[in-house]
Amino acid sequence: MLARAARGTGALLLKGSVQASARAPRRASSGLPRNTVVLFVPQQEAWVVERMGRFHRILEPGLNILIPVLDRIRYVQSLKEIVINVPEQSAVTLDNVTLQIDGVLYLRIMDPYKASYGVEDPEYAVTQLAQTTMRSELGKLSLDKVFRERESLNASIVDAINQAADCWGIRCLRYEIKDIHVPPRVKESMQMQVEAERRKRATVLESEGTRESAINVAEGKKQAQILASEAEKAEQINQAAGEASAVLAKAKAKAEAIRILAAALTQHNGDAAASLTVAEQYVSAFSKLAKDSNTILLPSNPGDVTSMVAQAMGVYGALTKAPVPEVQDSVSRRSSRDVRSTDASLDEELDRVKLS
């Protein structure tokens with residue numbers, strides 16, 4: 001009977017321990033040391049001592065002395081930073097996409113008393129709190145924002161854990177999302193979206209390049225036309241200035257020649273020299289009659305050179321005789337009018353050249 005009862009009791013205890021381990025995996029600790037009166041507590045550990053079943057004190061690192069039988073070490077808490085893997089779980093985003101997500105939790109026990117008496121298993125509690133907080137925070141974001149705002153998501157989970165775990169004496173230092181698994185169809189859609197976005201950027205860049213090229217070509221043509229028109233304008237100005245200078249030079253040369261000829265005619269034997277020049281020009285012109293055209297006009301006596309020269313000299317003499325005063329005045333007025341009109345035409349030509 002006693003053996004069966006012991007076996008039954010052992011089976012119940014084993015079953016309870018298996019269920020407890022499956023329900024809440026406990027953190028590995030250095031074990032519960034026995035009361036040997038003189039104890040040496042390691043650094044970064046806190047030993048919670050109970051005296052006759054009540055909390056007595058927390059042993060500091062180093063040498064500590066306890067009363068046998070009355071004092072008992074009930075909890076051993078590590079003050080180091082603890083790393084806990086948050087198991088993979090399913091979460092639904094704001095746009096109804098199911099994700100498989102896991103993470104890593106970094107925490108530290110700040111108050112050994114609260115960590116010992118505030119919760120049964122602090123690490124298990126914090127892990128469950130991290131999973132529920134992660135699901136609730138992911139439900140507030142769409143799929144695109146989950147990948148873009150991982151840092152803000154981690155910060156939100158840390159804040160939520162710290163608010164809930166303050167009464168447990170635990171502080172969450174960091175939370176990092178390790179992997180985010182997307183369903184295959186959603187993954188294919190994301191890849192298609194990325195490819196479309198890349199094609200869009202390539203098309204935009206190509207169109208911008210084409211536009212810049214067309215603008216550069218148009219600017220080049222515009223500058224070329226402007227330079228060509230300016231060159232043509234400068235050429236016309238230079239040509240007109242040259243023609244005007246040539247006209248002025250010819251007029252000045254002709255006027256100078258007339259003055260020299262007039263001065264020469266007033267000297268001694270000037271009439272004879274003029275007669276000789278007229279005779280030479282007459283003979284030269286008569287020799288060129290048949291060179292320019294087939295029509296020839298001959299005087300009545302082409303062989304009598306003396307009479308032709310005498311006739312030419314007679315015409316010259318009639319022109320050189322002093323005219324009647326009225327005729328002289330009209331001739332002088334006409335000559336001055338012609339000179340003024342010539343000068344006015346020259347001035348107009350120069351003004352036109354300067355304006356162009």
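Seven salt bridges turn up in a search of the whole structure. By salt bridge I mean a side-chain nitrogen of Lys or Arg within 4 Å of a carboxyl oxygen of Asp or Glu. This is a predicted model, so local features need pLDDT of at least 70 and side-chain atom pairs count only at pLDDT 80 or more, while totals for chains, interfaces and linings use all residues. Residues are numbered from 1 along each chain as its sequence is written, and side-chain values use heavy atoms, with hydrogens and water left out.

Take Arg-74 and Glu-50. Their closest N and O atoms are 4.0 Å apart. This pair links distant parts of the chain: Arg-74 sits in strand E5, Glu-50 in strand E2, 24 residues apart. Helices and strands here are DSSP runs, numbered from the N terminus: H or I with at least four residues for helices, E with at least two for strands. Buried or exposed? Buried means under 20% relative accessible area, exposed over 50%, and partly exposed in between, with a 1.4 Å probe and protein chains only. Glu-50 is at 10%, so Glu-50 counts as buried. Arg-74 is partly exposed, because its relative accessible area is 29%.

Next, Glu-137 and Lys-140. Here the closest N and O atoms are 3.7 Å apart. Glu-137 is buried at 15%. Lys-140 is exposed at 55%.

Third, Glu-256 and Arg-259, with N to O at 2.5 Å. Both lie in helix H6, residues 184-265, three residues apart, which is about one turn of the helix. Glu-256 is partly exposed, at 37%. There is also a network: salt bridges that share partners join Glu-81, Arg-108 and Arg-174.

Now the sheet. Three strands form an open sheet, in the order E6-E7-E8, with antiparallel pairing. Two strands pair if DSSP finds at least two bridges between them. Strand E6 (82-92) and strand E8 (170-181) are the edges, each pairing on one side only. Neighbouring strands are turned by 25° against each other on average, direction ignored. Axes are lines fitted to C-alpha atoms, for helices over the stretch in contact, and angles run from 0 to 180 degrees between N-to-C directions. Nine bridges join E6 to strand E7, residues 98-109. One partner pair is Ala-91 with Leu-99 in E7.

Two helices pack on this sheet. Helix H3, residues 122-138, touches E6, E7 and E8, and its direction makes about 35° with that of E6. Helix H5, residues 150-165, touches E7 and E8, at about 140° to the direction of E8. Contact means heavy atoms within 4.5 Å.

On to the surface. Val-37, Val-38, Phe-40, Leu-63 and Ile-65 form a nonpolar patch, with about 500 Å² of accessible area together. Patch residues have over 30% relative accessible area and no salt bridge; like charges are joined within 9 Å, nonpolar side chains (Val, Leu, Ile, Met, Phe, Trp, Tyr) within 5 Å. Areas come from the Shrake-Rupley method with a 1.4 Å probe, and for residues only the protein chains shown count as cover. Strands E1 (38-41) and E4 (62-65) each supply at least two residues of the patch. Ile-65, in E4, is exposed at 56%.

Two loop residues to look at. Gln-44, between E1 and strand E2 (45-51), has a positive phi near 65°. Val-69, between E4 and strand E5 (71-78), has a positive phi of about 70°. Val-69 is exposed at 81%.

Last, the totals. The protein has 10 helices and eight strands. Buried residues make up 22% of the 356.
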